[in-house]
Amino acid sequence: MTFVQELERDVHEKLASLDLLKEPKLGAVDRSEIVRRLKMALKNELEASEIAAVWIPTTPEVEVKLALARQVGDEARHYKLIEEHLRKMGADLSAFDPAEGGYGPMFQLLAGFKTTVERIGAAQFTRESLALKKNEQFMEFCEAAGDSATAKLYRDSIQPDEEWHVHLGRTVLEKYANTPDLQAQARKAVEAVLDLAVRVQNRQFKEMKVSHAPGC
């Protein structure tokens with residue numbers, strides 16, 4: 001088994017534990033609950049777009065630089081798709097500020113990584129795998145709540161991009177995490193993101209009673 005395959009196995013095993021955090025039951029909910037979670041998604045999309053943009057100037061590998069530029073556009077497009085969907089749902093976004101409260105803990109963690117293998121391992125390889133998992137849970141929530149339109153938005157327009165982001169992470173690590181030192185850097189970054197993701201998920205579940213919230 002290669003280094004990247006081992007890392008991928010570890011990520012999937014850790015993310016599987018998030019399935020143990022389930023809201024008591026899924027069923028009909030007030031539309032405001034889906035709106036609340038979509039507003040959480042807007043903040044996630046904005047931060048995902050911005051961290052990729054921040055990294056572009058200091059990324060030396062041209063193909064990675066350009067891939068980050070694509071991701072900036074993907075996440076920005078997701079933001080606009082969700083925003084438009086919320087408006088169609090009748091949500092009032094006039095007073096909503098996705099940047100209120102400053103950057104979240106995931107953005108702050110990612111901003112501290114300096115090397116390409118750390119950044120890509122943490123963000124595209126791991127956080128985007130988390131996004132796939134969270135979006136699957138959110139689609140499940142929406143379908144159970146009778147909101148097939150929101151589930152379709154994620155299934156058709158957002159998840160394919162997230163899958164590409166994860167593929168990017170895998171291919172970059174396969175190419176550049178090619179020494180014991182670089183592999184150790186990547187693994188440490190991956191583990192830091194996973195640990196934070198579990199802490200954030202537990203806090204959301206305990207304080208906000210939310211487990212099925214979208215990723216980025």
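Mentor: The expected span of a helix is 1.5 Å times one less than its number of residues, and helices are DSSP runs of H or I with at least four residues, numbered from the N terminus. At 1.5 Å a residue, the 29 residues of helix H6 (residues 148–176) should therefore span 42 Å, which agrees with the 41 Å between its end C-alpha atoms. This is a predicted model, in which local features need pLDDT of at least 70, side-chain atom pairs count only at pLDDT 80 or more, and totals for chains, interfaces and linings use all residues. Residues are numbered from 1 along each chain as its sequence is written, and side-chain values use heavy atoms, with hydrogens and water left out.

The part to examine is helix H5 (residues 116–144), against which helix H1 (residues 3–16) packs at an angle of about 40°, the axes being 11 Å apart. Axes are lines fitted to C-alpha atoms, for helices over the stretch in contact, and angles run from 0 to 180 degrees between N-to-C directions. H1 is therefore oblique to H5; angles under 35 degrees count as roughly parallel, over 145 as roughly antiparallel, 65 to 115 as roughly perpendicular and the rest as oblique. The contact (heavy atoms within 4.5 Å) involves residues of H1 including Val4, Leu7 and Val11, and residues of H5 including Phe125 and Leu130.

Helix H2 (residues 31–55) also meets H5: their axes come within 13 Å and cross at roughly 165°. H2 and H5 are therefore roughly antiparallel to each other. Among the contacting residues are Ile34, Leu38 and Trp55 of H2, with Ala123, Phe138 and Phe141 of H5.

Note on methods:
Helices (H or I, at least four residues) and strands (E, at least two) are DSSP runs, numbered from the N terminus.
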